[in-house]
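Here is a short report on the packing and pairing of side chains in one chain. Please read it alongside the sequence and the coordinates.

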Amino acid sequence: MPLVQPLDPNHDPQTKKLAEFFNETLGFCPNSVLTMQHRPAISKAFINLNKAVMANEGGVTSALKRMIAWVSSNATGCRYCQAHAIRAAERYGAEQEQLDNIWEYRTHAAFSEAERAALDFSLAASQVPNAVDEKIKEQLYKFWNEGEIVEMLGVISLFGYLNRWNDSMGTTIEDGAVESGELYLGKYGWEKGKHK
C-alpha cells in the first residue's frame, strides 16, 4: 500500500491536460503524477520538467533516453521506475535485442560504443557516492557533444527524483508497466516489490 494514495485523474484539470504527454510515452498517466497532485504545483512542474528533459535536440534518441533512465533506475533499485523506463524504451523504438539484453549493455552486440558510453555515464552518475570520473568524461566526449551530455544528465537527474519519489511512496505500479517489466526484466528477477 502506498504511503500516500494517488488522486483521481480529474482532480486538477491543468495536471490532467499536461499529463496527456504520458499517454504517448507510457499509454497511461503514472500513479506517481496522480500522487503529486496533492500539491498541483508539484505535479505541473514535474510534467513540464519531464517534457523538457525528454525533448530531443541532438543525437540522443528518445529510445536511448529511456534506456539511460532504466540504467539509472536499476542502479538505485527502484522497480517502479525500471518498469516504466523499459516500457517507454519499447514504445519509443528501442531495438528488440536491446530491450531483451539491457542488462548486458556493456558486452552485447546490440549496443554501440556511443550507447555504452551514455549508459556507463548513467550508471556512474546514479551511484552514491557519485562515480563520474575522467574515464567516463573521456568516453562521453568521444561520441557526444556538451548539449547531448546535458540532455543525458537531465534524464539521469529526473529519474533520480523519480526513484526517490516512487521508492519512498511505494507507488502502486500500473498494469501496463507490470507487463513490460515482466516481459523484459522478469528473467533477471524483476518483480513489483513494494509497488503493489
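## Core and packing

Ile68 and Trp144 touch the most other members of the largest nonpolar core, which holds 59 residues. Helix α10 (residues 146–169) gives this core its largest share, nine residues. A nonpolar core here is a set of buried Ala, Val, Leu, Ile, Met, Phe, Trp, Tyr and Cys residues joined through side-chain atoms within 4.5 Å. Buried means under 20% relative accessible area, exposed means over 50%, and partly exposed lies in between (1.4 Å probe, protein chains only). Helices are DSSP runs (H or I, at least four residues), numbered from the N terminus. In soluble globular proteins, nonpolar side chains tend to be buried together.

This is a predicted model: local features need pLDDT of at least 70, side-chain atom pairs count only at pLDDT 80 or more, and totals for chains, interfaces and linings use all residues. Residues are numbered from 1 along each chain as its sequence is written, and side-chain values use heavy atoms, with hydrogens and water left out.

What does Ile68 contact, leaving aside its neighbours within four places in sequence? The partners are Val60, Ala118, Leu119, Ser122, Met152, Val155 and Ile156. Contact means heavy atoms within 4.5 Å.

Val60 is found in the loop between α4 (40–54) and α5. Val60 is buried, at 1% relative accessible area. Not counting residues up to four places away in sequence, Val60 touches Lys65, Ile68, Trp144, Glu148, Glu151 and Met152. Val60 and Glu148 are 88 residues apart along the chain, yet their C-alpha atoms are separated by 6.3 Å.

## The α5–α8 pair

Helix α5 (residues 62–76) packs on helix α8 (residues 113–126) at an angle of about 35°, with the axes 8 Å apart. Axes are lines fitted to C-alpha atoms, for helices over the stretch in contact, and angles run from 0 to 180 degrees between N-to-C directions. The α5 and α8 crossing is right-handed: by convention, the near helix is turned clockwise from the far one by less than a right angle.

From α5, the contact uses Leu64, Met67, Ile68, Val71, Ser72, Ala75 and Thr76; these meet Glu115, Ala118, Leu119, Ser122, Leu123 and Ser126 in α8. By class, this contact has eight nonpolar, four polar and one charged residues. Ala, Val, Leu, Ile, Met, Phe, Trp, Tyr, Cys and Pro count as nonpolar, Asp, Glu, Lys and Arg as charged, and the others, Gly among them, as polar.

Asn74 also lies in helix α5. Asn74 is partly exposed, at 25% relative accessibility. Outside four places in sequence, Asn74 is in contact with Gln82 and Trp103.

## Salt bridges

How many salt bridges does a search of the whole structure find? It finds four. A salt bridge is a side-chain nitrogen of Lys or Arg within 4 Å of a carboxyl oxygen of Asp or Glu. Three of them are tabulated.

| Pair | Closest N to O distance |
|---|---|
| Glu20 and Lys17 | 3.4 Å |
| Asp120 and Arg106 | 2.9 Å |

Asp120 in helix α8 and Arg106 in the loop between α7 (96–100) and α8 are 14 residues apart, and the pair links distant parts of the chain. Asp120 is partly exposed, with 23% relative accessible area. Arg116 and Glu113 are separated by about one helical turn, because they are three residues apart in helix α8. An α-helix has 3.6 residues a turn, so residues three or four places apart point the same way. Arg116 is buried at 12%, whereas Glu113 is partly exposed at 44%. Glu20 is partly exposed at 43%, while Lys17 counts as exposed at 55%.

In helix α11 (residues 175–185), the buried residues are Gly176, Ala177, Val178, Ser180, Gly181, Tyr184 and Leu185. Their cover includes α5, α6 (79–91) and α7. Ser180 is buried, with a relative accessible area of 3%. Not counting residues up to four places away, Ser180 touches Ala83, Ile86, Arg87, Glu90 and Leu185.

Val128 and Pro129 are joined by a cis peptide bond, with omega about 0°. Pro129 sits in the loop between α8 and α9 (134–143).

Conventions. Helix = DSSP H or I, 4+ residues; strand = E, 2+ residues; numbered from the N terminus.
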